[in-house]
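Here is a short briefing on ring contacts and sheet architecture. Please look over the sequence and the model before reading on.

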Amino acid sequence: MKTLYVEGDSVLHRLPPRVKLLGLAAAGIALFFFRSIPPLAVAALISAAIYASLGIGLRHSLARLRPIFLTIAVVALFTLLVGSAEEAATVLLRLTSLMLLAAAVTATTGIGDFIDEITLAARPLERLGLVKAADIGLSIGLVIRFVPEILDRYRAIKDAHRARGLKPRILTLAVPLIILTLKNADEIAAAIDARGIRAQK
Amino acid sequence: MDIRFEEAEARFEGRTVLHPLTLSLSERRIGIIGLNGSGKTTFARMINGLVAPSAGYVVVNGFDTVQHGEKVRAETGFIFQNPQNQIILPILKEDIALGLKSRKLSRQESDAAVDAVLDRFGIGHLAARRAHELSGGELQLAALASVLATEPDILIMDEPTNQLDLKNRELVRRTIEGLDENIMVISHDLELVEDFDRMLLFHEGRLAADGPPADTIRLYRELAR
Ligand SMILES: Nc1ncnc2c1ncn2[C@@H]1O[C@H](COP(=O)(O)OP(=O)(O)OP(=O)(O)O)[C@@H](O)[C@H]1O
Ligand SMILES: [Mg+2]
């Protein structure tokens with residue numbers, strides 16, 4: 001997994017990016033209106049069906065979703081500890097649905113399209129003089145671009161530990177990861193400048 | 001092309017990396033050689049304003065690199081030592097289109113410009129590929145396409161054949177030969193630059209030689225011994 005985008009020709013791939021993003025936002029809001037388990041379970045099933053329609057394959061999907069799912073599991077577990085089982089199930093179903101829908105959108109939308117749509121959506125804020133719309137689009141595009149790269153680097157550092165017979169520890173993993181990521185970010189920033197990408201208004 | 005250094009100096013954290021340098025460049029093909037850490041990349045980054053001189057100034061086609069950074073960077077294309085880091089969007093055609101955004105082209109115009117530059121380098125088949133899947137040679141051509149799409153006057157390449165196998169090195173070398181832009185190439189691959197119009201040799205942050213490639217290379221071999 002090196003880009004979040006997955007090539008394909010599913011219905012979602014063909015849907016205009018704007019429709020997908022607005023749909024995702026609407027679904028995200030709607031999910032918080034349901035508070036009982038049955039409708040949320042249905043929502044999770046529908047979301048899973050949508051994600052499955054992309055044809056990514058079960059094993060690959062699990063690999064892609066595992067990090068987010070673990071986070072959701074931790075949140076659900078915490079809810080169980082401080083609240084009730086029902087609350088925990090609600091959180092689990094709601095966030096899982098949201099994860100599946102969001103993952104379906106990122107898997108079917110190219111970063112270029114993301115940047116264009118988000119830039120467009122930020123235009124009103126630009127008119128208020130608050131931000132530069134193009135910068136917001138670019139930043140979000142860069143986040144999407146870098147997620148897989150940071151995960152890759154994390155794996156490479158873990159492999160390096162293994163190759164040298166070292167036990168991976170949070171500190172020895174995190175420090176090189178942060179340093180490498182910052183150095184890489186510096187270079188990307190230089191490339192953005194050198195290529196005049198932010199010269200636009 | 002007209003590049004002028006006036007007593008320009010580069011300093012990082014109090015350490016002088018490039019000693020004050022006065023120089024004017026207008027030849028179409030200029031090679032830059034020197035040992036690791038001699039200041040070549042820093043010199044090149046001063047030309048497009050990524051490194052601001054700590055003293056003196058640098059003027060490119062009439063624009064001061066500090067006061068008119070954006071204009072200078074529109075005049076100069078820069079291929080980084082590691083092209084992986086300059087492909088900003090993973091899909092090649094999206095990346096090239098991103099570079100064209102500041103031109104405010106229509107979708108069709110932008111697509112046509114992207115196709116044209118991909119064709120120019122014979123890499124149309126890579127348009128929808130992801131940058132990280134490309135071979136070293138393909139990546140170098142991709143970086144070249146994305147930079148030349150914006151039609152800079154001067155193209156600076158930092159070790160374009162670094163890390164390439166023999167076949168890809170040949171491919172990139174032939175492509176560079178075919179370019180009709182003004183080019184400036186930093187290289188440890190002396191064959192690549194030996195027939196250029198002018199050659200600069202950097203040594204320990206100073207310009208140690210400047211002239212016809214044969215003479216400069218001879219001096220470089222002596223220094224390296
Ligand atoms: N941003 C920076 N901060 C601090 N020091 C730097 C920075 N950039 C370069 N240097 C230092 O400046 C010196 C010259 O570096 P430069 O990258 O220009 O060399 P180079 O000739 O391109 O070397 P190479 O052939 O290895 O690419 C080196 O000692 C390097 O450590
Ligand atoms: Mg260098």
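A charge sits over a ring if NZ of Lys or CZ of Arg is within 6 Å of the ring centre and within 35 degrees of the ring normal. This is a predicted model: local features need pLDDT of at least 70, side-chain atom pairs count only at pLDDT 80 or more, and totals for chains, interfaces and linings use all residues. Residues are numbered from 1 along each chain as its sequence is written, chains are lettered from A in the order in which they are written, and side-chain values use heavy atoms, without hydrogens and water.

**Charges over rings**
- R145(A) lies over the face of F146(A), 4.6 Å from the ring centre.
- The charged end of R94(A) sits over the ring of F32(A), at 4.6 Å from its centre.

**Aromatic pairs**
- Rings of Phe, Tyr and Trp (its six-membered ring) pair if their centres lie within 6.5 Å; planes under 30 degrees apart are stacked, over 60 edge-to-face, the rest tilted.
- The count is three aromatic pairs over all chains.
- F43(B) and F202(B) have ring centres 4.8 Å apart and planes at 45°, so the pair is tilted.
- F43(B) and F202(B) are both buried (under 20% relative accessible area, 1.4 Å probe, protein chains only).
- Ring pairs link F5(B), F43(B) and F202(B) into a cluster.

**Sheet in chain B**
- Strands are DSSP runs (E, at least two residues), numbered from the N terminus, and two of them pair if DSSP finds at least two bridges between them.
- Four strands form an open antiparallel sheet, in the order β2-β1-β4-β5 (chain B).
- Strands β2 (15-25) and β5 (63-64) of chain B stand at the edges, each with a single partner strand.
- V59(B) has D64(B) in β5(B) as its bridge partner.

Methods: Buried means under 20% relative accessible area, exposed over 50%, partly exposed in between (1.4 Å probe, protein chains only).
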